[in-house]
Amino acid sequence: MTAGAASNEAESGRHQLPLVWRAFLGHRSDEMLAQILDALAREGEFYPDAGLFKAFELCSPDEVRVVLLGQDPYHRDGQAHGLAFSVPDGVAIPPSLRNIFRELRTDLEWPATPSSGNLTVWASQGVLLLNSILSVKPNAPASHAHLGWKEWTDLVLREVSLARKDAVFLLWGDFAKHKRRHLSPDALVISARHPSPQSANKGGFFGGCYFSKVNDLLATRGGAPIDWAGIL
């Protein structure tokens with residue numbers, strides 16, 4: 001085995017999509033991921049360096065109730081940990097997530113803002129915190145857009161929307177809204193501007209009451225609400 005082949009094999013072994021998702025998505029997904037991971041092994045350092053498929057590890061296909069779609073992982077050291085918009089405990093809350101918390105506090109009339117940006121508790125309730133692109137070079141946003149992640153997450157969104165008719169899809173920003181065409185026609189969708197300061201401060205994000213709307217939509221199809229306050 002050549003050194004390059006060994007490196008690719010090691011990369012594939014270090015980052016594994018859970019078997020339940022592999023079965024759900026099928027052989028086409030396996031083929032796409034093999035190509036992506038091969039390319040990733042040649043890219044050098046990237047984030048998240050662990051937990052690439054953490055969103056899928058915490059939320060199996062039959063548990064998905066909400067899909068919150070981001071673009072790509074945070075690109076600074078220590079921020080990305082495999083969940084869209086989320087950061088590990090002890091890491092400063094990024095601007096987009098601060099705006100999400102501001103909207104949450106207004107929407108649900110919270111008395112306080114979360115002190116941690118770790119959204120793992122949402123994932124444990126069936127919120128798939130999915131980035132459209134699952135990896136990124138340090139300090140280089142969208143640097144892995146060419147690796148095939150976008151096409152793979154198109155497949156994920158399509159299959160989830162077909163199988164989970166009671167799931168709600170939160171699409172913020174033009175990038176996420178363009179994914180709408182990959183969802184089933186009857187999918188439950190809430191869309192708005194992106195929560196980043198460059199977008200949210202221009203209007204169209206704050207005041208959208210997205211989180212109460214998600215719970216209202218879940219209720220229309222017999223689902224229990226998400227306990228968004230679990231992060232407080």
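A residue counts as buried when its relative accessible area is under 20%. With that cut-off in hand, welcome to a set of close-ups of this predicted model.

**View 1. H15, a buried loop residue.** H15 sits in the loop that joins α1 (3-14) to α2. At a relative accessible area of 3%, H15 falls under the 20% limit and is therefore buried. Which residues does H15 touch, not counting residues up to four places away in sequence? The partners are L37, F46, P48, D49, A50, L52 and F53.

**View 2. Helix α3 and its buried residues.** The 15 residues of α3 span 21 Å between the first and last C-alpha, close to the 21 Å expected at 1.5 Å a residue. Buried along α3 are S29, M32, L33, I36, L37, A39, L40 and A41. One of these, L37, is also a contact of H15.

**View 3. The cavity inside the structure.** How many cavities of 30 Å³ or more does a search of the whole structure find? The search finds one. The volume of the largest cavity is about 80 Å³. The lining consists of P48, L52, A55, F56, P73, G82, L83, A84, L129, L130, N131 and L134. Sorted by class, 10 of the cavity-lining residues are nonpolar, two are polar and none is charged.

**View 4. Helix α7 and its cover.** Helix α7 runs over residues 149-163, and its 15 residues reach 21 Å from first C-alpha to last, close to the 21 Å expected at 1.5 Å a residue. W149, W152, T153, D154, L155, V156, L157, V160 and S161 are the buried residues of α7. Among the elements covering these buried residues are α2 (19-25), α3 (27-41), α4, β1 (66-70), β2 and β3 (168-172).

**View 5. The nonpolar core and W172.** The largest nonpolar core is made up of 68 residues. Inside this core, the residues with the most contacts are F56, W122, W149, W152 and W172. Leaving out residues up to four places away in sequence, W172 touches L68, F85, I100, A192, R193, H194, P195, F205, Y210 and F211.

**View 6. H194 in its loop.** H194 lies in the loop between β4 (188-192) and α9 (197-200). Setting aside neighbours within four places in sequence, H194 is in contact with F85, S96, W172, G173, S199, A200 and F205. H194 and L171 are separated by 23 residues in sequence, and their C-alpha atoms lie 8.3 Å apart.

**View 7. The largest pocket.** The largest pocket holds about 680 Å³ of space. Of its 30 lining residues, which lie nearest the centre? They are D72, Y74, S96, H194 and S196. Two of them, H194 and S96, are in contact. At least two lining residues come from each of β1, α5 (95-108), α8 (173-177) and α9. The largest share of the pocket lining, four residues, belongs to α8. By class, the pocket lining has 15 nonpolar, 12 polar and three charged residues.

Notes
Residues numbered from 1 in each chain as written. Predicted model: local features only at pLDDT ≥ 70, side-chain atom pairs only at ≥ 80, totals over all residues. Heavy atoms only, no water. 1 Å grid on protein atoms, 1.4 Å probe; cavity = no way out; pocket = protein on both sides within 12 Å on 5 of 7 lines; lining within 4 Å. Points joined across faces, edges and corners; volume = space filled by probe spheres on them. Nonpolar A, V, L, I, M, F, W, Y, C, P; charged D, E, K, R; others polar. Expected span 1.5 Å × (residues − 1). Buried < 20%, exposed > 50% of the residue type's maximum accessible area, 1.4 Å probe, protein only. Contact = heavy atoms within 4.5 Å. Core = buried A, V, L, I, M, F, W, Y, C linked by side-chain atoms within 4.5 Å.
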